[in-house]
Amino acid sequence: MLKKFRVWDKENKMMYYELPITEYGILLDGTIINHEIGVKNKFILQQYTTLTDSKNNDIYEGDILEIKIPTFYNKYKKGIYKVFWNTYKWSIIRLDSESNNITDLSKPEDSTIISNNNIYK
């Protein structure tokens, strides 16, 4: 699986892509960033899920997705979800419903990830 990350710099309000990966984490301007020993107050590390939306944009941890899911009789319902790592797999949590359903993040043939919003833009 392709390991790819992006890093959000909270102080400078910039997103960094295609950074070198070392055995200890992501290297950004001489600083090692990872989930364990990274500079948690300044940077947010987000991993690529290997999925893309309908416009071929990469989907990363923390992204907000609008997903069209098939229902009965060739009808669809849309939902707003946030991507997160759930122990052993990528998952999504529904944000536009009181139930806050958690589901595996997969891309079934009949579902469409309509848009992918990077909340840090």
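Where is the place of Glu61? Select Glu61: this residue sits in the loop between strand S6 (58-60) and strand S7 (64-70). Strands here are DSSP runs of E, at least two residues, numbered from the N terminus.

Before moving on, note that this is a predicted model, where local features need pLDDT of at least 70, side-chain atom pairs count only at pLDDT 80 or more, and totals for chains, interfaces and linings use all residues. Residues are numbered from 1 along each chain as its sequence is written, and side-chain values use heavy atoms, leaving out hydrogens and water.

Stay on Glu61. Glu61 is buried (under 20% relative accessible area, 1.4 Å probe, protein chains only). Glu61 has no salt bridge (a side-chain nitrogen of Lys or Arg within 4 Å of a carboxyl oxygen of Asp or Glu). The nearest side chain of opposite charge, Arg6, is 8.4 Å away.

Next, select Tyr17 and Tyr60. Their ring centres are 6.3 Å apart and their planes at 70°, so the pair is edge-to-face (centres within 6.5 Å; planes under 30 degrees apart are stacked, over 60 edge-to-face, the rest tilted). Tyr17 lies in strand S2 (residues 14-17) and Tyr60 in strand S6, so the pair ties together parts 43 residues apart in sequence. Tyr60 is buried, at 4% relative accessibility.

Tyr48 belongs to strand S5 (residues 43-52). Tyr17, Tyr48 and Tyr60 form one aromatic cluster.

Finish at Lys4. Lys4 lies over the face of Tyr48, at 4.5 Å from the ring centre (NZ of Lys within 6 Å of the centre and within 35 degrees of the ring normal).

Definitions and conventions:
Helix = DSSP H or I, 4+ residues; strand = E, 2+ residues; numbered from the N terminus. Buried < 20%, exposed > 50% of the residue type's maximum accessible area, 1.4 Å probe, protein only. Lys, Arg positive; Asp, Glu negative; His and termini not counted. Phe/Tyr/Trp six-rings, centres within 6.5 Å; stacked < 30°, edge-to-face > 60°.
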